[in-house]
Amino acid sequence: FGRSQRPAAEPPPVRPGDGAYRLLVIADESGTLDALRDAVVPHASGRAAEAYVIAPALASRLGRWTGDETAYARAQDHLDSTLGALTALGIDVSGRIGSPDPIQAADDGLREFGADELLFVTGPGGGDAQALDLIRNARDRYDLPVTHVVGGPSA
């Protein structure tokens, strides 16, 4: 079957003409709130900002197969913390738990939210080959800026 082709583009949701900068954030549970804050504030460049956060539920194959809800609970905790941190910065924010595949999470989010930029937030291993492939694939796939933010204890 080879590498999957880009699906037929659906028209993105219409962005309101209010001048707000809209960020779609895919934030896995290993990224830190400080890293996210430090990335979001400069990208808004003093404009009002709106964010839609998707927290992937990172379950193991066995966990998904057995119905283990631990990954969803961790993703919900991370989502709640992320929403709270962005709200404290004055950003209009909403979000949900999403697919464990970050590209699928971004595809889903872009169908729901008209973004100006896509922001992937990963943990301290964000420089590894898998993360670099993710960012390269996202930049090839989407017709909007893609930013990678690496955060975590060793970042």
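**Start with the whole chain.** You are looking at a predicted model. Reading from the N terminus, the elements follow the order β-α-β-α-α-β-α-β-α-β. Of the 155 residues in the protein, 43% are buried. Among contacts with a separation of 6 or more, 81% involve residues 24 or more positions apart.

**Next, select tyrosine 52 and phenylalanine 113.** Show both side chains. Together they form an aromatic pair, and the count of such pairs comes to one. How are the two rings arranged? They are stacked, with 5.6 Å from centre to centre and 20 degrees between the planes. The stacked label applies because planes under 30 degrees apart are classed that way.

Now trace the chain on either side of each ring. Tyrosine 52 belongs to strand S2 (residues 49–56), while phenylalanine 113 is in the loop between helix H4 (102–112) and strand S4 (117–122). The pair links distant parts of the chain, as its members are 61 residues apart. Are these residues buried or exposed? Tyrosine 52 has 11% relative accessibility, so it counts as buried. Phenylalanine 113 is buried too, with a relative accessible area of 7%.

**Move on to helices H4 and H5.** Select residues 102–112 for H4 and residues 129–141 for H5. Their axes come within 10 Å and cross at roughly 30 degrees. That angle is why H4 is described as roughly parallel to H5; the cut-off for this label is under 35 degrees. The crossing of H4 and H5 is right-handed.

To see where the two helices touch, show these side chains:

- On H4: Pro102, Ile103 and Asp107.
- On H5: Leu134, Ala138 and Arg141.

What kinds of residues make up the contact of H4 with H5? There are four nonpolar, no polar and two charged residues.

**Last stop: arginine 74.** Select helix H3 (residues 70–88), where arginine 74 lies. Arginine 74 has a relative accessible area of 37%, so it is partly exposed. Which residues does arginine 74 contact, leaving aside its neighbours within four places in sequence? Show Glu29 and Leu58, and you have them. Finally, draw a distance between the C-alpha atoms of arginine 74 and alanine 55: the separation is 9.4 Å, for residues 19 apart along the chain.

Terms used:
Residues numbered from 1 in each chain as written. Predicted model: local features only at pLDDT ≥ 70, side-chain atom pairs only at ≥ 80, totals over all residues. Heavy atoms only, no water. Phe/Tyr/Trp six-rings, centres within 6.5 Å; stacked < 30°, edge-to-face > 60°. Helix = DSSP H or I, 4+ residues; strand = E, 2+ residues; numbered from the N terminus. Buried < 20%, exposed > 50% of the residue type's maximum accessible area, 1.4 Å probe, protein only. Axes fitted to C-alpha atoms, helices over the stretch in contact; angles between N-to-C directions. Parallel < 35°, antiparallel > 145°, perpendicular 65-115°, else oblique. Left-handed = near helix turned anticlockwise from the far one by under 90°. Contact = heavy atoms within 4.5 Å. Nonpolar A, V, L, I, M, F, W, Y, C, P; charged D, E, K, R; others polar.
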